[in-house]
Amino acid sequence: MELTENGVFKLHIFSFRVFYVKNNENMVFNRLVATIIKELDMSNGEQCRLAHRNLLINTTEIAQMANVSVSTVSNWKRRSDTFPEPAGSKDGKPAFDYGQVARWLRDNDKKFHDSRVRNLVWEYANQVRGKMDAIEGGARFVALLHLRKAASEYGLEVQWQTLVDDGDKESWVSYVDAIETIERETKHLLSNYVVDYVRDLVEGDDIETIQDNVSLVDAIDLPNIMDAADMVIDAMWNNQQAYLGDNDSPLYHVMAEMANTWAKTCSEPNPTFYDPACGGAFVAMQVALHNPQYRFALADINSFAAVIAQARFFLQFGKNATETIVLNDLIHNDPFPDLKCNLSVVTPPMGLSASSDTGVTDPRWAYDASNGGGRRPAFPSETAFLQDCIFHLDGAGRAFVALRPSFTTGRSFANLRRRMVADGVVEAIVSLPRRQLRDTSIPIDIWVLSKVEGRNHVHLIDCASATEEVAQQGLPAYLSEPLNGYSDGKYRWMDVERADILADENISLAPNRWIKPQGMNPKNICLESTEEISEIRQRLDQVDDESNPLRDLPNSLANMKESRVFTLRELVDSNEAELIRGNTQSVGRDSVYQEDVITPQILSEGMASLTKSTDIGKREHVTEPGDIVFRKLGSTCAAVDVEGGHRMSHAVLALRMKGDGWIPEFVAICLQAVWNQKDTPQNIAGQIDPLDMELPVVSLEMQRKLVEIQRAADELKRLSAAATDYADTFCNAIRFGAEEGEEAGCRNDGQQYRL
């Protein structure tokens, strides 16, 4: 093999013919070599790749690509002589060549997001949507990406190009035979499930449809091929991730972090990762990317899972991949009977039943799945995965298993828990909040299992209940670090003695069964009571102050003439006020606003948490001191921005009064008054138009008096809230006790506090 001047490998036909003679006993390989020789003769010994397939995009897609409006793109087309001409049509509208548009944007210093891969993926999704199951559609594209990668890894570029040009069934069979032969020669099967799947696909499907799919796959550059695989999975699966896993769910992220943090501590020279329900191998892939020393033993009962998992590993690592994948029913067969692994992570299929009359003598089933009296006719399959992980752990390994809370607390699994705790294989239970998986809202517990001898306690960790208490130290790093994303690391946990758990009638492993509720620590109760008493006394002093306007209230309201009333529209039109509409958008797919932005929630909770705006966009509006900020949806809630300098979300408006005839607090009170909450005939949704809101015109003295009374009323509300909090704390002290001490900031003279 020689490298020509233009960087293309030239294969000597003589060398291939010698290799062909030596392997004439393998008819499959003979077909492969004969085909390559023919292609090399036709191409003068050089492997050539044709130009990429053209990708057409319409005006809307160009606007999204450049992050501008559609009208801006229309202006570019109208005003620029160099803007590309339409190269075809798409959805009945003129369409442009992606490459030409990208070059024009680059040449004209227009920033743009290179969305070629995403557009190709969505074009494929549109081709197959409605014609096949979504998961099968994703598996097909990922499998074809695998074949594209194999061309580069195994030197089959010429054959691949034949498939792209106009491959018939014989060409497809020859190509997958070549991959299979090469891998059998090297005794490293990395494509067997993909090859079998594509063989069946070619035999049973419309070859023209496959050709259209291959054309799209070939247009994806090799460096972007893994991104394309993940994109098509997200595009095709939607809410069907329950079958094969979900790389975007919080559960998979935290389990991958736990696995990676534990993997760093492993000192074994050739460690093994095991997942008997690997799905799309999302967690396994994250471990592989961070820990190249690991080998991977993966299994799944779903044939599409085997194809996708195998393809994703090959797309990421090529022929250097270290995984072994087995299509297997774990209940009836052990996928790796002789395996002892260092790390196992599994999310078992939920809610499936397994018959207990099979595999009764299987050594994996060390724990009875029922509560005495022998096995039940059927048991949840999760118990099989749980026991399988324990069986395959080596002496220093760790397993992380995601299970429903019923396994942690349910009476039907009490015997299972008793045996496992007694044997010391349960190291920790982590309870997570709801919605850790996109396809279900049920909470999930992570069981951390190991075979460390001499264990006499279990870490019970509650990440479902936030706490304001100081983060407690003492958990192993592979548990504490990945969980810092929950409640800023202030999750609740405690070590519970194994003997205490075994003495519990239900053998409950639910963290909230053993951990006292937030603030129920006796010292914390005492500290909270001290702070609440101090606040009550301070607010009582303010209420008792002689200058409190509530002390000087008249017996009844005097006759008052109806004030003149203006709408905000009239005030704005007469230049007496300015109405400013917020236009700051949220950031990211979770709709998060930055800390300087006024939102409806900030208006409800108070504006003390806001920071000053610094990085302000050209078109964004910023408040000035004294602006009255209010929300435009739902019941009106208003507040005065005393400091100013804040951006506003798109659901918030600011009213800026001009002149010195208005007290901002008075305006805010009026905007929240009952007459500005009313429904209007013009708005059937029950929302009042901000410009139709009304403000009465009264003297500054009248405005000031209303503001003072409102402030006093708000102070009484805060006093009432402080008293209610103290009553709750006092009640908790009766139940859990209160421990006084200088370190807790409490008095220790034995005297009771009195209000």
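This is a predicted model: local features need pLDDT of at least 70, side-chain atom pairs count only at pLDDT 80 or more; totals for chains, interfaces and linings use all residues.
I started at F630 and looked up its bridge partner in strand 21, which is A638.

**Strand 20, both sides**

F630 has a partner in strand 23 as well, and there I found L653. I also checked V629, which stands opposite A654 in strand 23.

Next I went through the pairing strand by strand. Strand 20 (residues 627–631) and strand 21 (residues 638–641) run antiparallel, with 4 bridges joining them. With strand 23 (residues 652–657), strand 20 again pairs in the antiparallel sense, over 4 bridges.

Is strand 20 mostly covered or mostly open? I got mostly covered, with 5 of its 5 residues buried.

I traced the strand order as 18-23-20-21, an open sheet of 4 strands with antiparallel pairing. Strand 18 (577–581) and strand 21 are the edges; each has a single partner strand, so one side of each is left without a neighbour in the sheet. For the twist I noted an average of 25° from one strand to the next.

Then I asked myself which strands helix 25 touches. Helix 25 (residues 664–671) packs on the sheet and touches strand 20, strand 21 and strand 23. Its direction makes about 160° with that of strand 21.

**Helix 7 against helix 10**

I moved on to a helix pair. The axes of helix 7 (residues 134–153) and helix 10 (residues 192–204) come within 10 Å and cross at roughly 115°. That makes helix 7 roughly perpendicular to helix 10. I logged the crossing as left-handed.

Who meets whom? From helix 7 I listed E136, A139, R140, A143, H146 and L147, and from helix 10 V194, Y197, V198 and L201. Sorted by class, this contact has 7 nonpolar, 1 polar and 2 charged residues.

**Whole-protein numbers**

The protein has 26 helices and 24 strands. Of its 755 residues, 46% count as buried. I also looked at contacts between residues at least 6 apart in sequence: 73% of these join residues at least 24 apart.

Conventions. Residues are numbered from 1 along each chain as its sequence is written. Side-chain values use heavy atoms; hydrogens and water are left out. Axes are lines fitted to C-alpha atoms, for helices over the stretch in contact, and angles run from 0 to 180 degrees between N-to-C directions. Helices (H or I, at least four residues) and strands (E, at least two) are DSSP runs, numbered from the N terminus. Angles under 35 degrees count as roughly parallel, over 145 as roughly antiparallel, 65 to 115 as roughly perpendicular and the rest as oblique. A crossing is left-handed if the near helix is turned anticlockwise from the far one by less than a right angle, and right-handed if clockwise. Contact means heavy atoms within 4.5 Å. Ala, Val, Leu, Ile, Met, Phe, Trp, Tyr, Cys and Pro count as nonpolar, Asp, Glu, Lys and Arg as charged, and the others, Gly among them, as polar. Buried means under 20% relative accessible area, exposed over 50%, partly exposed in between (1.4 Å probe, protein chains only). Two strands pair if DSSP finds at least two bridges between them.
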